[in-house]
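Student: I have a new model open and would like to talk it through with you. Could we take it one question at a time?

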Amino acid sequence: MAKRVGMEVSIAIAEAARQANVDVVSAYPITPQTHIVEHLASLVADGELDAEYITVESEHTAMSACVGAAAAGARVFTSTSSQGLALMHEILYLAPSLRTPVVMALANRALSGPISIWNDHSDVMGQRDTGWISIFANNGQEAYDLTLMAFKIGEHPDVLLPVMVNFDGFILTHVIEPLYMFEDEELEGYLPPFEYKYKLDTDNPMTLGPVGLPDVYTEAKKQQDVAIRNSRKVIDEVLKEFGENFGRKYNPIEHYKSDDADIILLTQGSVTEAAEVAVDALREQGKKVGIVELRLWRPFPFQDLIDALVNAKCVVVLDRCISFGGQAGPVLSEVRSALYHEPKRPMVVGCVAGLGGRDISLENYIEMFEIGENFLKTGKEPEIVKIVGLRE
Amino acid sequence: MMNPKPKWTELTFACIIPEPGNSVEYKTGDWKTLAPVVDKKRCIKCGTCYIFCPEYAYEKDEYGYFNPNYDYCKGCGICAVECPASCITMEEEVKE
Ligand code: SF4
Ligand code: SF4
């Protein structure tokens with residue numbers, strides 16, 4: 001049976017990659033992801049994981065090696081954060097367009113400048129449109145479980161797309177959390193060997209990644225967009241099957257006391273559990289508030305989100321990233337536009353908090369719900385980028 | 001050969017080209033504005049043009065001279081620059 005152990009979340013994520021029996025790891029260390037790749041490097045060096053660990057001089061090369069290895073039919077894992085992800089940007093587009101199911105553990109961190117090694121969601125949001133399946137964990141257990149599931153989703157013959165698992169840097173990576181780790185035997189058969197039908201093979205030559213002249217580029221992009229939208233079916237199956245087999249249930253959208261809520265805070269990542277404390281406190285005062293967590297970021301779960309939000313009066317979207325000169329943050333603009341065509345829809349307002357490692361206090365969460373209350377009362381949006389916890 | 005203008009549903013998976021060596025079907029000759037013309041009187045048959053041509057357009061004839069195949073020559077001019085005998089000139093293609 002699965003044991004409950006106290007383990008640093010980074011190590012648990014690396015162990016998930018070991019238990020997935022990856023063939024190739026290529027990564028470059030960066031805070032706060034370093035312990036993940038260090039642990040994998042020692043597993044390979046100590047002979048506990050029969051994999052090729054490709055050391056590289058940059059994240060750009062790490063992602064290039066991962067895409068190449070996956071195209072050769074290997075099960076591939078990498079991990080990065082922040083500037084490292086930004087440096088991968090060019091190659092991030094190749095993984096989905098070549099349909100190579102690389103799995104990436106992304107320790108979410110702010111971007112320079114000023115230089116910050118601390119947590120927010122600027123890194124993942126900057127790569128929103130690269131075509132990766134993107135999913136958020138809000139604690140260490142979820143990061144471990146979702147890393148395992150990411151291989152199952154990405155490598156499914158109906159998907160064949162890369163998957164990034166997001167978890168908050170430091171807040172999760174460096175925490176020792178009690179979590180259930182599978183015994184290796186329990187996972188036997190969970191991940192079938194990866195058979196990539198189109199793998200590069202000198203006995204069966206073909207070209208992967210050719211030039212797409214104007215005559216075919218448009219059609220290629222349509223094919224790719226349909227592929228990620230269709231991956232939703234497999235994502236649902238994998239989440240459901242995991243819950244049935246192992247008892248931990250995951251959904252593309254998660255709820256906390258939101259069914260009868262007038263004001264809903266929309267979250268992603270580890271803030272979700274922290275904000276639940278504020279919901280409990282406000283519920284005690286008789287306020288009908290709740291949380292909806294947007295766990296699945298890409299493909300965007302339109303219908304689930306609409307179903308979760310339409311009965312509320314107001315949704316306050318918490319962005320962990322600023323969209324400079326635009327709507328407060330990318331999550332706000334996506335949520336607002338997803339609801340736009342609904343005949344009955346809540347008011348949607350946004351706020352930004354927790355940038356570059358700034359703690360979000362209980363008072364801050366309560367203030368977020370108050371933004372919703374005031375918005376309902378006055379019908380007037382606060383300033384366009386409302387930052388909660390800002391000194392002013 | 002695949003339909004050159006496939007619908008998105010007809011396109012191969014991830015745009016792979018499953019058939020090796022089919023680039024010969026793609027003629028790049030109509031890209032050029034200037035075409036290389038070899039002055040055989042000065043050619044030393046060294047094959048530098050053949051080696052440098054990015055389209056592999058040069059073909060060796062029975063006398064050992066290298067001649068560009070205009071179906072594939074895209075007019076880049078590399079051969080004319082590299083020829084050690086300076087016997088290749090880039091000229092307007094004259095339509096008869
Ligand atoms: S490079 Fe010039 S000299 Fe050499 S074979 Fe070609 S045309 Fe002749
Ligand atoms: S002009 Fe360029 S493409 Fe044409 S024969 Fe010379 S090197 Fe080849």
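This is a predicted model: local features need pLDDT of at least 70, side-chain atom pairs count only at pLDDT 80 or more; totals for chains, interfaces and linings use all residues.

Student: How does the shell around ligand 1 divide by class?

Tutor: Residues are numbered from 1 along each chain as its sequence is written, chains are lettered from A and ligands numbered from 1 in the order in which they are written, and side-chain values use heavy atoms, with hydrogens and water left out. Ala, Val, Leu, Ile, Met, Phe, Trp, Tyr, Cys and Pro count as nonpolar, Asp, Glu, Lys and Arg as charged, and the others, Gly among them, as polar. On that scheme the shell around ligand 1 has eleven nonpolar, two polar and one charged residues.

Student: Which residues are the closest to ligand 1?

Tutor: A residue belongs to the surroundings if one of its heavy atoms lies within 4 Å of the molecule. Ligand 1 has 14 such residues, and the closest are B:C43, B:C46, B:G47, B:C49 and B:C83.

Student: And how does the shell around ligand 2 divide by class?

Tutor: The residues around ligand 2 include B:C53, B:C73, B:C76 and B:C79, along with B:K74. By class, this shell has eight nonpolar, two polar and one charged residues.

Student: How much area do chain A and chain B bury between them?

Tutor: Contact here means heavy atoms within 4.5 Å, and 19 residues of chain A are in contact with 15 residues of chain B. Buried area is the accessible area (1.4 Å probe) that two parts lose on being put together, summed over both. Carbon and sulfur atoms carry 71% of it, and the total for the two chains is about 1,500 Å².

Student: Which side chains meet in a salt bridge?

Tutor: The rule asks for a side-chain nitrogen of Lys or Arg within 4 Å of a carboxyl oxygen of Asp or Glu. Across the interface of chain A and chain B it finds one salt bridge. With 3.0 Å from N to O, the partners are B:K5 and A:D215.

Student: Why does A:A14 count as buried?

Tutor: A:A14 sits in helix α1 (residues 9-19) of chain A, helices being DSSP runs (H or I, at least four residues) numbered from the N terminus. Leaving out residues up to four places away in sequence, A:A14 touches A:I36, A:H39 and A:L40. Buried means under 20% relative accessible area (1.4 Å probe, protein chains only). A:A14 counts as buried because its relative accessibility is 0%.

Methods
Helices (H or I, at least four residues) and strands (E, at least two) are DSSP runs, numbered from the N terminus. Buried means under 20% relative accessible area, exposed over 50%, partly exposed in between (1.4 Å probe, protein chains only).
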